[in-house]
Amino acid sequence: MTLRCILASDAFWATSGYSNQVRILVPRLMPHCEIATLATFGLHGAAIEHQGIKVYPGGADPFANDVVKAAAQDWRADIVITLKDTFVFNPQAFEGLRWCPLCPCDHEPVPPQIVERLRYAYRPIAYAPQGFRALRDVGFDPLFCPHAFDPLIFHPEPRTEARKFLGLPDDIFIVGTVAVNRGGIPSRKAWAENLQAFALFARQHPDAFYYVHTALCDNGEEGGVPLRPLAASLGILDRVIPCNQDIYKAGYPDDYMLALYNSIDVLNAVSLGEGFGIPQLECQACGVPIISSEWAAARDLNFGGWAVPDKRGSRIRFFDNQGAYVFLPDPEAIAEQMELAYQALKDEGDRERRRAACLEAAAPYQIDRVVAEHWLPALAELEDSIRNTASRGVLRIVRREEVWTA
């Protein structure tokens, strides 16, 4: 394969879900294509080499719209892959380039502004089964390359040992959430609804605690929900276990995340909408079941747990600034699933069955399988379409004023 690619996303060394995927994917693609990265976040100034991979710096624009063309031209890229929310990119920035956005679909239906931007793409790439279906429903022919996990990092470990590593008691029931706490009204990660749900559930279970791996945002930093004041108002401040905030800002190492997933009894991953939901995959790769939304990408990525049903009889939806709907979960419905998890996981046989279901269904998302079964065929298909003179991709965006006449 002679394809030359540049992947624009967060830098390898950042702490986001995006950088998580860049870190495990790009080195595995190197033997098969000429690939560089553009750090939309995490590098400014000059290009550097990281572990044999060229990394171009971001620009003044927070999503590198001002520098992506120059970087792609310098690399002589056949395709430019982006891994961020699609709406943050300006299609004009990709004029003369073949733009292949890895596109999350966390609304239903796909927002109109996403559809409009994708019309300028050479070929969109879906990374969740629901996203693939949603893009086809609005007329696109996407490739499919799902997000993945590294089994050398995420795998089952004894719960007792994991809790000992983190200094957690062995005789409590732990609900955990791994999710960002930043911006938006309502919170996209449903922090208010999830804490309200835990407060309802915990009334009957004095042994239940809630581990939150996130920024507490006590003063509303970055528009996040102030979690400690919220927990105090709900009477559960002493039942919420926060991660170390200083280490969280710097980024926790892989062995901590492995221990965290293996320490909890169930991951609560309910949100307003997910484009994928990497923590729910990583957690189930450790054999630990989840509670998730029954909405967008989450519905396909719950392998052995509990999905929050439509308790109120009709979906309570929120029409947000992307021009489409997200799902507002009912705290009572979440609490009911926590109760079901609590009762089921007291049974060692049930726990083991769910563990096996999680591990079996997560296996196809192992990074080496995803590269072999999805990325390499997708890149080969792109190269074939580019080398075929009948299909040259987006060479230049034709503006409306160039073709419309009075």
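Predicted model: local features only at pLDDT ≥ 70, side-chain atom pairs only at ≥ 80, totals over all residues.
Local features need pLDDT of at least 70 and side-chain atom pairs 80 or more, while totals for chains, interfaces and linings use all residues. Residues are numbered from 1 along each chain, and side-chain values use heavy atoms, without hydrogens and water.

Start with the largest nonpolar core. A nonpolar core is a set of buried Ala, Val, Leu, Ile, Met, Phe, Trp, Tyr and Cys residues joined through side-chain atoms within 4.5 Å; buried means under 20% relative accessible area with a 1.4 Å probe, protein chains only. This core has 68 residues. Leu29, Phe154 and Trp375 are among those with the most contacts inside it. Leu29 touches Ile35, Val371, Trp375, Leu376 and Leu379, leaving out residues up to four places away in sequence; contact means heavy atoms within 4.5 Å. A second, separate core of 33 residues includes Val266 and Leu345.

A cavity is a set of points on a 1 Å grid over the protein atoms alone where a 1.4 Å probe fits but cannot get out, and lining residues have an atom within 4 Å of a point. The structure holds four cavities of 30 Å³ or more; grid points are joined across faces, edges and corners, and a volume is the space filled by probe spheres set on the points. The largest cavity holds about 90 Å³. Of its 13 lining residues, the closest to the centre include Gln21 and Trp375. Helices α1 (17-29) and α13 each supply at least two lining residues.

Conventions. Buried < 20%, exposed > 50% of the residue type's maximum accessible area, 1.4 Å probe, protein only. 1 Å grid on protein atoms, 1.4 Å probe; cavity = no way out; pocket = protein on both sides within 12 Å on 5 of 7 lines; lining within 4 Å. Helix = DSSP H or I, 4+ residues; strand = E, 2+ residues; numbered from the N terminus.
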